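Hi,

Here is the structure I said I would pass on. Have a look at it first, and then read my notes below.

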Amino acid sequence: MKNLFQKRMEKHHDELRWLYMELYQNDDMFAELCSQLYEYDAQRGQQLKERDLAREKQPDWYKKNDILGMMMYIDNYAGNLKGVEEKLDYLEESQVNYIHLMPFLDTPKGRSDGGYAVSDFRKVQPQLGTMDDLESLTRACHDKGMNVCMDFVMNHTSEDHEWAVRARHGEGEYMSRYFFYKDYAIPSEYEKTVPQVFPTTAPGNFTWLEDAGHFVMTTFYPYQWDLNYGNPRVFNEMVYNFLFLANKGIDVMRIDAVPYIWKELGTKCRNLPQVHTIVRMMRMICEIVCPGVLLLGEVVMEPEKVVPYFGTVEKPECHMLYNVTTMATTWHTVATRDTRLLRLQMDIVSSLPKEYVFLNYLRCHDDIGWGLDYQWLMQFGIGEVSHKKYLNDFLTGAIPEAFGRGELYNSDPTSGDARLCGTTASLCGIEKAAYERDEAALERAVRLDLMLHAYMLTQSGIPVIYSGDEIGQENDYSYHQDPDRWSDSRYLHRGKFRWDLEPARKESGSVQQKLFDGIGKLEHIRKDSAVFHTDAQVSTVNTMDDSVLGIVRENEGCRLTALFNFSEFDKTIYLDEWNAGGTDLITGQKQEGNSVQMPGYGVCWLLKDKN
């Protein structure tokens, strides 16, 4: 394997050195980096190296239509890492073969930001297990053909991290790994151009440390100190942490808050060119040491604006990115029953190169931010402030016609701005209908839930389910009684997995059975049909009804016309000769003529041979 390492290093060495020296002008630190890459390659297990080789031979392995992801909190799902390993059979039954383990590295209690304030990159939170447990889990997943994703928090550390503790004590070497200032002169200059992430709950971008007599940059929360990537020691050490974790069997590294990594006075400290240099170097380092590992970038922008984070065909950066905007627009469409903005965004995504892979999802661990295209919506008389209020009112049940049961997050009383929290089931009306024992409303809510999952599975890329959505798990209000969590409404949808409800998925007619089997059936169809492959040509079709979205996928001589009714009313949709006819993959019924009858919140996948 030594010769293979040398071959990979020779392929990337010159570019890696050129980029490194462009940032740091430090030959000694680059030499140390190369030496350590060799060491981490030598430490990489034989099974992982064989996995690397197989994936090098099939570099597009993650671009097919056979991956279904699920994101989960380890403690909520199964108590600890060993518990997750014991539940892999259930995940197999759910057809999941990509599990995203939410942050599990060591963090301080009460100041963890959901696990994103890391105090030790080489230690698992004690209540979740050990690094040996992690390695055991990844091996068990690999044996079942599953991939494991984890969060790698690059932008900052916890104030309890060893570096931060030593910096607080005045050690210059460690202070230089962060942004420390004796007075507010320079921080005040930063504040003139750098936006605030949490203006209500954590205003400003700096925190005064009384005991240290310095200000420190804290973009997110006061207990999360931003790392200074202008210091080559920071880059090197974080790369070593990255490779240590990759060698534990991680397949996908989700790089948290990618756009924030590089800071520069006089800028917004977002999306700076140096960020792309760092991500490009990390991509090359992966290809040298662990080519089976993928980089997933958390970049919260519109699809067309995140494109630079994919890099280029010749100089790639991230393998995959989140489709954040489409997720938010999906819930906008649920609340408005108007698919026009969603159709516009689908056309934009479909126009991007097929090499670009997005992760698609309905809900995740985070809130829903209403970063919609208000400039485009303005042509219909839709203003940003009033529309955000309507969306939040509808999805929190604040208006009579609403069925959503979400809660606001980071609400700003002054501006009226707020984000939204809640599980898919509760936002779809399952919680409200079940509480009111309204069977007709419950049937509609389940149909909406399944329609949204079918829509997610129709998009190109990798679909990811939030744990619990497969059995219709509702909001968990117990966080209101937890003093460590009560102020963060995101815990509304971060509740424990309801294993007491899981057996109901085998009870005919139950909500759990309808959702589990319904989503499972949709995924079976997706895996078995070439029209869902990433290589398919994708476009939208005008259904002549703004409440019904039409998507066309074409591949290997077949055409799929997918229709999604975002209203509660029954619809008749008339298709042209190119899209009419075929067989509904979901019901198995052959479609005659050019009209399609759709129930409220219905979905139809019409497949026909173009020949």
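Before the notes, one term: a residue is buried when its relative accessible area is under 20%, exposed when that area is over 50%, and partly exposed in between (1.4 Å probe, protein chains only). The model is predicted, so local features need pLDDT of at least 70 and side-chain atom pairs count only at pLDDT 80 or more, while totals for chains, interfaces and linings use all residues. Residues are numbered from 1 along each chain as its sequence is written, and side-chain values use heavy atoms, with hydrogens and water left out.

In general, an α-helix has 3.6 residues a turn, so residues three or four places apart point the same way. At the start of the helix, a side-chain oxygen of Asn26 comes to within 3.2 Å of the backbone nitrogen of Asp28.

Now the sheet. Eight strands form a closed barrel in the order E1-E2-E5-E11-E12-E13-E14-E17, with parallel pairing (two strands pair if DSSP finds at least two bridges between them). On average, neighbouring strands of this sheet are turned by 30° against each other, direction ignored. E1 (residues 69-72) and E2 (residues 98-101) run parallel and are joined by four bridges, with Gly69 opposite Tyr98 in E2.

Two helices to look for here: H11 (residues 232-246) lies across E5, E11 and E12, at about 160° to E5, and H20 (residues 439-458) lies across E14 and E17, at about 150° to E17. Those angles run from 0 to 180 degrees between N-to-C directions, with axes as lines fitted to C-alpha atoms, for helices over the stretch in contact.

Last, Arg166, which is in helix H8 (residues 162-168). Is Arg166 buried, exposed or partly exposed? At 29% relative accessibility, Arg166 counts as partly exposed. Leaving aside neighbours within four places in sequence, Arg166 is in contact (heavy atoms within 4.5 Å) with Glu171 and Tyr174.

Cheers

Conventions: Polar contact = N/O pair within 3.5 Å; in protein donor to acceptor, adjacent residues only side chain to side chain.
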